[in-house]
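Hello,

Here is the structure I promised to pass on to you.

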Amino acid sequence: MTTSIPPERLKAFYVQMARIRRAEEAIVALYPEQEIRCPTHLAIGQEAVAVGVCQALRDGDTVLSGHRCHAHYLAKGGSTRGMFAELYGKATGCCGGKGGSMHLASPETGMLGASAIVAGTVPMAVGAALAATLRASDDVSVAFFGDAAVEQGVMHESLAFAALRSLPVVFVCENNLYATLTPISQRQVSADIWPRAAAHGLAAVGVDGNDVVAVYEAGAAAVARARRGEGPTFIEAKTYRWREHVGPNFDTDVGSRTQAELDGWMARDPVASLARTLEARGILTATERASIDAVLEAEVADAVSFAKASPFPEPAMLRTDVD
Ligand SMILES: Cc1ncc(C[n+]2csc(CCOP(=O)(O)OP(=O)(O)O)c2C)c(N)n1
Ligand SMILES: [Mg+2]
C-alpha cells in the first residue's frame, strides 16, 4: 500500500468496514428466526465501496442509496440501533419501522434515504446537488447504485443533466457483476461501465472496489473536484456480493454463478485484506484489532436487544409519515 493516508484514517476504514460486516453477519444469523420480515439485501463483500467513499465526505454532504443500503447508512454515520430496530419493524427504527431494510435513512447524518426502485434515487442525488448550488454551499451529494441501475433511462438523464449543469455530485456504481441472477456479461457487450458514463461528458474512472484505499482516493478526488465547482464524477467500483441477491443464504446452487467464482472473491475479502495490510505496516496490531472487533460485537448485540425489546408502531400511527 503506497499511500499518504494518515494511520488514524486507515484505522477508521477498518472500524467502519468491520462494523458493517459484523452487523450483516448478525443479520445472517438472525434472519431464520423470522422476526426480521422485510426483504433484506446484504452487502457482505462490498464494504470497501461504502466506506472508501463516505470517509471522503464531511457532515454536510449527503448520500442516497438503493435496495442494498445497510453499508451506506452505517458508513455515513447512521445509528446501529436505528438500523436494527428498522429491520425488526419497530417504532424506534430509523424510519419508525415503516421502511425496513431497503429504506434506511438518517437525515441528521446526511443519509437522505434509499429506495427499492432501481436507479430511483439517482435523480434525487442530482437534485440534492442542485439544491446545494442554489444555497451557494459547497456540499457534495453522492448516489450509490448497482450495475443494473446504469441500464435505466433515468440514470442517463441524471448523468446528462449533472454534467450539463456541472453539479457537485459523485455517482458511485457498485458493479458487483450481477443484477439478481443475471451476470453483466449477458446484459452488456463491455465489462466496463465507466466509459458509458464518460460519454455524457463527465469525469469517469474505474477502481478496484475491494480496495478501500483505492476507493477512498478516487472518492476524495471526486469530492474535491465537486467542491471546487468542477462538476460531477462517475466512479465504477468493481466488487462482489457474497450472499444471494436477497436474503441470508449463499446461492451457488441455483446455476447463475459458480462456487469457484465466489471462492475467488472471498479470497479477496476487503475487510481481512485491509486488516492484513495494516498489521504488516504496524498500524493495527492483532490485539488492537481483536479489541475493536469485541467493541463492535457488543455494539451490534446491543442494537439487536434494543430492536427486539422495542415496541411495534401504534396502529394509530399507520398513516403518519407515509402520505
Ligand atoms: C425499476 C426496477 N426494475 C426492476 C426491479 C427489480 N430489481 C430489484 S433489485 C434488481 C437488480 C439490481 O441489480 P444492481 O443494480 O446491479 O444492484 P445489486 O442488487 O447487484 O446490488 C432488480 C432488477 C426494481 N426494484 N426496480
Ligand atoms: Mg449488481
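To begin with the ligand: how far from a nitrogen atom of ligand 1 does a backbone N or O atom of Val118 lie? The distance is 3.1 Å, which falls under polar contacts (pairs of N or O atoms within 3.5 Å; within protein, one must be able to donate a hydrogen and the other to accept it, and residues adjacent in sequence count only if both atoms are side-chain atoms).

Before the rest, a word on conventions. This is a predicted model, in which local features need pLDDT of at least 70 and side-chain atom pairs count only at pLDDT 80 or more, while totals for chains, interfaces and linings use all residues. Residues are numbered from 1 along each chain as its sequence is written, chains are lettered from A and ligands numbered from 1 in the order in which they are written, and side-chain values use heavy atoms, with hydrogens and water left out.

An N or O atom in the side chain of His67 is 2.7 Å from an oxygen atom of the ligand, and for an N or O atom in the side chain of Asp147 the distance to a ligand oxygen is 2.9 Å. Taken alone, ligand 1 exposes 580 Å², and the protein buries 71% of that (Shrake-Rupley method, 1.4 Å probe).

There are 15 residues around ligand 1, and those that come nearest are His67, Arg68, Ala116, Asp147 and Asn176 (a residue is near if one of its heavy atoms lies within 4 Å). By type, the shell divides into seven nonpolar, six polar and two charged residues (Ala, Val, Leu, Ile, Met, Phe, Trp, Tyr, Cys and Pro count as nonpolar, Asp, Glu, Lys and Arg as charged, and the others, Gly among them, as polar).

Next, two backbone angles to look at. Most residues other than glycine have a negative phi. Ser166, however, has a positive phi near 50 degrees, and Thr180 has a positive phi near 45 degrees. Because its relative accessibility is 33%, Ser166 counts as partly exposed (buried is under 20%, exposed over 50%, partly exposed in between; 1.4 Å probe, protein chains only). Thr180, at 40%, is partly exposed too.

Finally, Asn210 has a relative accessibility of 4% and therefore counts as buried. A polar atom of the Asn210 side chain lies 3.0 Å from the backbone oxygen of Arg268.

Best wishes
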